[in-house]
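Here is my note on the structure. Please read it with the sequence and the model open.

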Amino acid sequence: MFDFKIINFLIELIAVLLLAIGIKGLSKVSSARNANRIAAIAMGLAAIGVLLNSQVTNGISFEAWTWIVIGTFVGSSLGFLVSKRVPMTAMPETVALFNGCGGMSSLLVALGVSLFSIESSDAGLATLLIKNLSISVSVFVGAITFSGSIVAMAKLQGWLSTPLWTQSKFRHLLNIITFVIALTSFISLVGDGISGLWLLVISSSILGIGVTLSIGGADMPVVISLLNSYSGVAAAAAGFVVQSQLLIVAGAMVGSAGLILTQVMCKGMNRSLVSVLFGGTLSSNLGKNASKTEYKNITSCSVEECALTLEAAERVVIVPGYGLAVAQAQHTLREVTRLLESEGIDVNYAIHPVAGRMPGHMNVLLAEADVPYDQLLEMDVINPEFPATDVVLILGANDVVNPQAKNDSTSPLYGMPVLDVQEARTVFVVKRGMSAGYSGIKNDLFELDNTSMVFGDAKKVLGDLLIELKELGIGRKA
Ligand code: NAP
């Protein structure tokens, strides 16, 4: 006979190790793709491990097994389809949706155990207390994660806007009242594992909505990584509920990784977590700056002029932004930079930590087009290099190159670290018009003497640039 306990232990151990290796590998662009695959295998093994765990599945009926198999098949297929079809620009809302699913799973596990499990009469007081506490944490954090993530997804998807009343101080009062109700029901649930259960589900769900609804603008990615961390905490608590060490370890890893990411993003935007959670939207601060959104001295130039300047340059820095991702122009960009490099021009890419719409967005985009990793330079490395740069080519980036963040203390972006592109000799900004970036504010860079706008879709402009450069004879040596 098989000893399922040993097999289960081995599977869980391998899953935990693979998950740790996967998370570690995600910290480098070069290893991220494989790390993601490793982490996915770990999750698959984890699911098998839980099903082989006799403490979890002991005594369940054939019918229940059928539902488990159907659920696993449907869930995996949906996850696979979504990940294949979702465009890179819609990744933040997808991550929010997946976080929400994680929160909901932990909530459902805790609900199931609280409602249907019968505790053996010889269970000690401490065991009961740990179980009730785990159920309460799982319900509380799971419900907040679920409702908060769904609101975040709906806002990013454009299905939900930020209601005006959520920008008043009144929302704090509502959130405090909901929190007190949640806390009271939490305490009574810890007491006996059932009282206050539904009140806790409802109040925590409302709290998740109440806190997330008021947040918007550039703060949303921070909230999503925080919710990701919450989903880990909820999973760890669910691990205590069903006594799965694997779930506890995996949940703790996700919880801490999400927290570190939240901190990194707050640093990237120079915002404290408290101001993100309780400060309202960036756009609510825009009132003060509303009169400062008109442009006066804009210089625009043709693609041909841009090509001539690039041809004469020795050092070029590319600044990719959200617009490059929207235009899916990364491959055309790579063709352009290959041409420039073939002429001995030094080309690098300036990567702002929050360029695009999700952490690492630009790294992923450029890796897709085979841009060498060592040419992707982080903000702290590239900023001192701008004074010695001949041409900066900004492609669909806006907020991350806005000097207001340094020069204008009334700007909503004030304090956010930005790329000092204005220090370069010539700056070209490729965008379709004069629309604002994600924060919705004017960009003073566009009015500077050394800045020229090249209007058009990033892919079209880069395609034309490629033709112009070839006509100038660039790349013939290659
Ligand atoms: P951005 O400030 O949002 O600006 C993007 C610019 O791209 C726009 O001004 C737009 O101008 C242009 N654009 C759009 N489609 C284009 C196309 N097809 N071709 C050429 N240009 C196009 O982008 P960013 O500089 O990358 O800054 C990112 C912002 O998003 C920051 O505020 C950041 O805090 C926030 N954010 C970041 C994350 C993250 O985790 N990375 C997540 C969410 C939000 P036109 O319409 O005039 O073309």
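The points below cover the model, its ligand site and a surface patch.

1. The model is predicted: local features need pLDDT of at least 70, side-chain atom pairs count only at pLDDT 80 or more, and totals for chains, interfaces and linings use all residues. Residues are numbered from 1 along each chain as its sequence is written, and side-chain values use heavy atoms, with hydrogens and water left out.

2. There are 29 residues around the ligand, and G356, N398, D399, R432 and D457 come nearest. A residue counts as near if one of its heavy atoms lies within 4 Å. The shell holds 15 nonpolar, nine polar and five charged residues; Gly counts as polar here. Its largest share, three residues, comes from helix α13 (residues 322–327); helices are DSSP runs (H or I, at least four residues), numbered from the N terminus.

3. A side-chain N or O atom of D399 lies 2.6 Å from an oxygen atom of the ligand. For N398, a backbone N or O atom is 2.7 Å from a ligand oxygen. For V354, a backbone N or O atom is 3.0 Å from a ligand nitrogen. The ligand taken alone exposes 920 Å², and the protein buries 97% of that (Shrake-Rupley method, 1.4 Å probe).

4. On the surface, W165, F170, L173, L174, I177, I181 and L199 form a nonpolar patch with about 650 Å² of accessible area together. Such a patch takes residues with over 30% relative accessible area and no salt bridge, nonpolar side chains being joined within 5 Å. A salt bridge is a side-chain nitrogen of Lys or Arg within 4 Å of a carboxyl oxygen of Asp or Glu.

5. Helix α7 (residues 170–192) gives the largest share of the patch, five residues. L173 is found in helix α7.

Methods:
Polar contact = N/O pair within 3.5 Å; in protein donor to acceptor, adjacent residues only side chain to side chain. Helix = DSSP H or I, 4+ residues; strand = E, 2+ residues; numbered from the N terminus. Patch = residues over 30% accessible without salt bridge, like charges linked within 9 Å, V, L, I, M, F, W, Y side chains within 5 Å.
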